[in-house]
Amino acid sequence: VHIDKDLVAASATPLVLAILADDESYGYAILKRVRALSGGELQWTDGMLYPLLHRLRRLGYVTTEWRSPPEGRRRQYYKITDDGRAALADQQRQWSAVTRALNDVWPGSRGLLTAVREA
Amino acid sequence: VTVQELESQIAEWRAYVASAPAVDGQDVDELEDHLRHQIAELTEAGLTPDEGFLIAVKRMGDLDALSREFAREHSGRLWKQLVLATDDETARSASGWIEAFAFAAAAAVAIQVARLAAGFPDDEPTWFARNIGLIVLPFLAAYFARHRHLDLRGWVLTAAPFALAALVINVYPWDADSDTEMLVALALPVTLWFVIAFPYMGGTVKSHERRMDFVRFTGEWVIYYVLIALGGGVLMGLTGAILEPAGIEVDRVAAWVVPSGAAGAVVVAAWLVESKQRVVENMAPVLTMLFTPLFAVMLACATVVYAVTGLGDAFDRELLSVLDALLVVVLALVLYGMSAREPSASPTWMDGIQLVAIAGALALDLMVLGAMIARIGDLGFTPNRTAALGMNLVLLVNLAGAAWLSVRFLRGRTRFHRLERWQTGYLPVFALFAATVVVVLPLVFGFS
């Protein structure tokens, strides 16, 4: 399925926050996780992840720290804050409201299932 | 050999990314790390380093789009992104030059027409002082409206406040020697400056980032204007020295040159901020870094002195205006320092010093307010006292909020972002207050 550009952009923030809510991480690992989660259907331009992460940092949703592993290059790690968790919870509420509404209005499989169950 | 080739390719890519002004060294490090990861993974999967590099670069995305995205996020690093579309640099500066000077010349001519009509400087009719903002600033507004390619609606919304202001201040039946009229002469340019924020931001007045850009623009405009004024002063001084022996009075030359120069410089300074700002970009943080601590010390001293001696005896109109001017300067410095700061950085000693400055200003403001309320209690309201009281209240709320958020920020309780939001969110309050002084205050006091 080709996912519309706007939808990709809108889902980027909750997706990244949710990944960071699991554990702190760095750019490339976050992107790999996004690819794995969406089965490659969410087409991100890799570079765009970084302005997004920097925005989250400015908003205080994540903190950052540069770390140099003994072998290899130094790398910036991102860690979610309490504000970030609150923002994620808020996003979750918004997205479930949207999906609920769409499920109800579309006679898709899940919408049908609930209809059957209710009957 | 392939490893070396790969390294040189990466280095080239890195240099290209780094050339984007909004992308700083650490961002490039981060992006390069990402690129290397991707290449490593692809080569492990069986691709040659060359192929891996190509795919990794492709996945990274269009670098122009990426640097635009960085510029949007770090508008502090590159706030001119708003100004420059993507057009070619040389073409822009050439045509921008002509555009700016056309508007500057128009402002210079307009002020001369008004001056001749007023008979200034032999005569100083009050309508001239009252209207001065309306004579010069429309040209700056028009310059931005044109520069930002505003549509018809944008032009109308830009022009409407000017038309309204012109109507209001010229229809009001002012008394002779009216205090409210003098207040209008002071408050109108301030109000109109906020009006210019609309075309400056290309109509996007709700954006807090763009508001911060406007703060930055204002600060740098002031710096350029002062520089131009200094240069103009030297020029006039030398002109006088040269012409005096020839029997030409310098005052007569100055009557022509100074008003035109001052009016034209309004637009020219704006154009310089827009196009040549790299120079100031480096100067501005240094200036705030230098003067914020000095002002902090000065404020602390003033607060202690007045806390000991009391404001009561020395308090008169002159001291009041000096104190208010000081408060405004401190607030401007704080705001400007804020706009030059990297928002995501953690607290530094500069933030501490800023807090000292804010706290000093807050204490002074409270003392001024106390003295003023006592005075109003004794002598009643006058236009000047009312305006000053309002201004000090507006400043008090702003400073109190800023101090509270600064403390929380320094203790790691909140993000700098909140502090920035407080200030950008407060800007309309200043605009509204200035507009109230222009429109409402004269009505309340019967134009006296």
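**Interface, chains A and B**

I started with the contact (heavy atoms within 4.5 Å): chain A puts in 27 residues and chain B puts in 27 residues. This is a predicted model, where local features need pLDDT of at least 70 and side-chain atom pairs count only at pLDDT 80 or more, while totals for chains, interfaces and linings use all residues. Residues run from 1 along each chain as its sequence is written, chains are lettered from A and ligands numbered from 1 in the order in which they are written, and side-chain values use heavy atoms, leaving out hydrogens and water.

Next I looked up the buried area, the accessible area (1.4 Å probe) that two parts lose on being put together, summed over both. For chain A and chain B I get about 2600 Å², with 50% from carbon and sulfur atoms. On the chain A side, A:Tyr28, A:Arg58 and A:Arg73 lose the most area to chain B, together 29% of what that side buries.

I count 15 residue pairs in polar contact between chain A and chain B, both residues at pLDDT 80 or more. The rule wants a pair of N or O atoms within 3.5 Å; within protein, one must be able to donate a hydrogen and the other to accept it, and residues adjacent in sequence count only if both atoms are side-chain atoms.

Which elements give two or more residues to the chain A side? They are α2 (27-38), α3 (49-58), β2 (62-67) and β3 (75-80) of chain A. I'm taking helices (H or I, at least four residues) and strands (E, at least two) as DSSP runs, numbered from the N terminus. The largest share, six residues, comes from α3(A).

**Salt bridges**

My rule is a side-chain nitrogen of Lys or Arg within 4 Å of a carboxyl oxygen of Asp or Glu. B:Asp29 and A:Arg74 pair up at 3.1 Å, N to O. Both belong to a salt-bridge network that also links B:Glu7, B:Arg14, B:Glu32 and B:Arg36.

Inside chain B, I checked B:Arg36 with B:Glu32, at 2.9 Å, N to O. They sit four residues apart in helix α2 (residues 25-44) of chain B, so about one helical turn separates them. B:Glu32 is buried at 5% relative accessible area, B:Arg36 partly exposed at 21%; buried means under 20%, exposed over 50%, partly exposed in between (1.4 Å probe, protein chains only).

I finished on B:Glu181 and B:Arg130, whose closest N and O atoms are 2.4 Å apart. B:Glu181 lies in helix α8 (residues 179-200) of chain B and B:Arg130 in helix α6 of chain B, so the bridge ties together parts 51 residues apart in sequence. Both residues are buried.
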